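Subject: The structure to look through

Hi,

Here is the structure for you to open alongside this email. Have a look around it, then read on for what turned up.

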Amino acid sequence: MPVQYYIFLSIALFCIGVMGVLIRRNAIIIFMCIELMLNAVNLLLVAFSKMWVDAGRTDAASAQLFVFFVMVVAAAEVTVGLAVIVMMYRNSHSVDINILNRLKN
Amino acid sequence: MSLHEIIFIILSVVSIVTALGVIISKNPVNSVLSLIVLFFSITCHYVMLNAQFLAIVNFIVYMGAIMVLFLFVIMLLNLNSELEPQKRNWLKYAGAVSGGALLLVITGILRSASMASLDMNTASDIGLIKNLGNVLFKQYVVPFEISSILFLSAMIGAVVLGKKD
Amino acid sequence: MIHLVWLVPFLPLLGFLINGLGRKSLSKSLVGIIGSGTIIAGFVISLLIFLEVKTPGFTAQVVPLFDFITVGSLSIPFAFQVDQLSALFLLIITGVGSLIHIYSTSYMHEESNEGFARYFAYLNLFVFSMLLLVLGANYVMMFIGWEGVGLCSYLLIGFWFKNTSYNKAAKKAFVMNRIGDLGFLLGIFLMITHFGTVTFPEVFEKAAALGLNSGILMAIAALLFVGAMGKSAQVPLYTWLPDAMAGPTPVSALIHAATMVTAGIYMVARSNVIYSLSPCVQAVVAIVGLVTALLAASIALKQNDIKKVLAYSTVSQLGYMFIALGVGAYTAAVFHVMTHAFFKALLFLGSGSVIHAMGGEQDIRKMGNLKKWMPITNITFLIGCLAIAGIPGLSGFFSKDEILAHAFVSNKVIYALALVGALMTAFYMFRLYYITFCGQFRGTHEQEHHLHESPAAITFPLIVLAVLSVIGGYVGLPPAFGLPNLLEGYLAPIFAHAHLGDHAEHLSHSMEWILMGISSGLVIVVILFARSKFINYQNDGKENTGLAKVLENKWYVDEIYDAIIVKPLIALSGFFQDVIERSGIDGLVNGVGRSVKWGSRQARLLQNGLVGFYIFAMVLGMIILLVISLFL
């Protein structure tokens, strides 16, 4: 089975995540889309790890460890991010990111 | 068509459909549920790719912890489709078009790349916890320790942000 | 003594610095002593140098001071060249200069302390520049002095800078000179390109190697002559000199009669090798000189301002010098420079004495019978008139006659016209003399009461110059007298290479006597005619008509220049200002500013603060980058 299958699947998932970020205004959904993109990348890393194992490389486990670290970062990010969203909701009773346009000024 | 390919295609279809469900569904709760299904399919992919430990971690951390956290927040905030903010239409289409364009462009770039194919029949023990633990505590012990600091700061951050002041 | 030549120019420079920097604190007498003393000391040194140079067999010596410009193969040293020509000019400049400085101490005494010091500082600077001009061992140094005298001329014409018309005259002199200086500068550049040197002997050597009628040489000669035209007030660049009379009278005497305006003659005489090798340009020089001599003399016939008459007379006499240069009579030209320096300085200083006595009045119609009150001025002025008119026995006679004789040998037409000019000279000078000093006094009673002979500081230079005007001619006796021509012998080494070739035929002595007789006779007749006409001059207040009016208005040359050069230039500048500057350059500059402003206002809209939009932009950027990496 060619590794391209996994590559294209990851690309598709990643682009769907990007699309979601672009078309949705709900901060939680956008967050979920980011998770989706991270997972797409993780999948790719695992696929490449498999590819390297088949090619006889001994350091293929690094790719899987990288996925591990991505998960670590994602978990930390979700913790803080959701806390921020809760804060935001508490202040403005909305999770619409378009309210957060203070960058303009 | 081998069994692996059949399983891959089924899993892929599930992944893409649920991914689309995440971004399309109006109710955030549905989105979260779709995302859980998506993560499950990805977990299955991991198993197929000889990443057993990662599959378990994905199952527990993502599907278990993170997605429950999402669901919890959504329910806490009592979000539903009525409260869902709506984007202007043209921006929606522009987002969809640009995402599609990104897909096309990346695919176009990688289409002609030649890569090795995966041998799905031989199994390797690379993804086993013993193997990964060896590498993690020998080669990546410093990033591992740093990630603990990251977690600590994330924890403190969450507490500080969540505190009612 | 030669190696001390640098003292001659640097003493006036010292005087300039002391007087210029200390103008607020120095007293008038101290300023006068410093100003005059430096020049007199320079004169003494010049005299010693002259005595050394005068010995037969003296060859030109170069006194290098330091390297001025050294670029590639071009080397321009700051060096002084002492030879017969520069030594003679040194004498004239420092000699006449010291007399005029002494004169000025009295003439300018009514100025404020500061103005007095400023005046002497400028005057000293002028002498320094002029000495640099004649002493320079190459054309670049000559040019430095050339510019320096131009600057001082500007400063001194506009000395009373609170008067707008004086300032205008100063600016006119400066601009006119600038036109000529450009020619000179281009000539020097041409020299550097083609000869690779500007040092006199080397340039002349390379010029001689080019041979007769070479195009380069002609171009250089013509360009240098343009410079001379500006500085020496020749047609068509002469109009600044009459206006330059706005300056104090001693300045007119020193700068605009005796020294600076002869810089052009000095330059052409110095470059005699180049000019002798380009006969076409020489012919042009002669024609320009002739036209100038006649035009200026004709204008002088009808002028009523005592200084204007003398100014036009100066222009006309300069024309004579150029005629002499044009026909190859370099010695005669230098001779005339010398005698002219004597009698024209005398006339100017005399007119200054008159103006001083009249309380600033310059219109000769309001004078008359001044001989009654001012005997010394009267006598010396008369001697000056006689000298310039060319009465036998006085200096002007010898120098003018030498020019006329050479012109006769070269071209009979030039001779005839130059003779007409000489007769006009006699006429207007004696018109001036009789109207000013004879007849009845026509000024106010107050002026009449005020009339007096000038103090000794003014009359002393007059007497010295009068003596020089009488005896100055005897250094250049015509061959007909059978005595050696001292000046020609003295200057022979300078003009040795400029052999007259085709003018080799010499006048027979009898022919020479005849020419002298003709000119002297005609001059005396003209003087008597002027006497009968003007001895009892009455100002009838009648307007001049016809030719007289044209002459009184100076052939309307100023008006013509105004119409064909100044007005179109102003119109063009106006056009540039209004159209090119306003809508072109300003429009461009403002347009850039406006478009940046407009563009940033548009770009600011992108910063709408919506995160979604930013991500959208980021994705677009990623797509573009990927497309570029894919397809390019």
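**Helix α4 of chain B**

The buried residues of α4(B) pack against α1 of chain A together with α25 (611-631) of chain C. Those buried residues are B:G95, B:S98, B:G99, B:L102, B:V105 and B:I106. A few terms before going on. Helices (H or I, at least four residues) and strands (E, at least two) are DSSP runs, numbered from the N terminus. A residue is buried if 20 or more other C-beta atoms lie within 10 Å of its own, exposed if 12 or fewer, and partly exposed in between, with C-beta atoms placed from the backbone. Two residues are in contact if their C-beta atoms, placed from the backbone, lie within 7 Å.

How far apart are the end C-alpha atoms of α4(B)? They are 32 Å apart, which agrees with the 33 Å that its 23 residues should span at 1.5 Å a residue. The expected span is 1.5 Å times one less than the number of residues.

**What you are looking at**

This is a predicted model, where local features need pLDDT of at least 70 and side-chain atom pairs count only at pLDDT 80 or more, while totals for chains, interfaces and linings use all residues. Residues are numbered from 1 along each chain as its sequence is written, and chains are lettered from A and ligands numbered from 1 in the order in which they are written.

pLDDT is the predictor's confidence in each residue, from 0 to 100. Chain A has a mean pLDDT of 87, with 95% of its residues at 70 or more. Among the elements of chain A, helix α1 (residues 4-23) has the highest mean, 91, and helix α3 (residues 61-92) the lowest, 88. Chain C also averages 87, and 98% of its residues score at least 70. For the complex, the predictor gives an ipTM of 0.89 and a pTM of 0.69.

**Chain B and its partners**

Chain B has six helices and zero strands. Of its 165 residues, 28% are buried. Among its contacts with a separation of 6 or more, 57% are between residues 24 or more positions apart.

Where chain B meets chain A, 70 residues of chain B and 62 residues of chain A take part. On the chain B side, the elements giving two or more residues are α1 (3-24), α2 (28-48), α3 (52-77), α4 (89-111), α5 (129-138) and α6 (141-162). That side divides into 48 nonpolar, 17 polar and five charged residues. Here Ala, Val, Leu, Ile, Met, Phe, Trp, Tyr, Cys and Pro count as nonpolar, Asp, Glu, Lys and Arg as charged, and the others, Gly among them, as polar.

Chain C touches chain B too: eight residues of chain C are in contact with nine of chain B. The chain C side has eight nonpolar, no polar and no charged residues.

**Inside chain C**

Start with α1(C), residues 7-21. Its end C-alpha atoms are 20 Å apart, which agrees with the 21 Å that its 15 residues should span. Its buried residues include C:L11, C:F16 and C:N19, and the buried set packs against α2 (28-54), α3 (84-107) and α4 (113-135) of chain C.

Is α5(C) mostly covered or mostly open? Mostly covered, as 15 of its 19 residues are buried.

Now find C:F184, in helix α6 (residues 164-195) of chain C. 
Why is C:F184 counted as buried? Because 26 other C-beta atoms lie within 10 Å. Not counting residues up to four places away in sequence, C:F184 touches C:F143, C:W146, C:L223, C:L224 and C:G227. The C-alpha atoms of C:F184 and C:F225 are 7.4 Å apart, although 41 residues separate them along the chain.

There is also a hairpin. Strands β1 (residues 61-71) and β2 (residues 74-82) of chain C pair in the antiparallel sense over nine bridges; strands pair if DSSP finds at least two bridges between them. Two residues lie between the strands, and C:G72 in the turn has a positive phi of about 55°. C:D67 has C:P77 in β2(C) as its bridge partner.

**The cores**

A nonpolar core is a set of buried Ala, Val, Leu, Ile, Met, Phe, Trp, Tyr and Cys residues joined through C-beta atoms within 7 Å. In the largest, of 200 residues, C:I323, C:A333 and C:A345 touch the most other members. Another core, of 75 residues, lies apart from it, and includes A:V95, B:V57, B:V73 and B:V105.

Cheers
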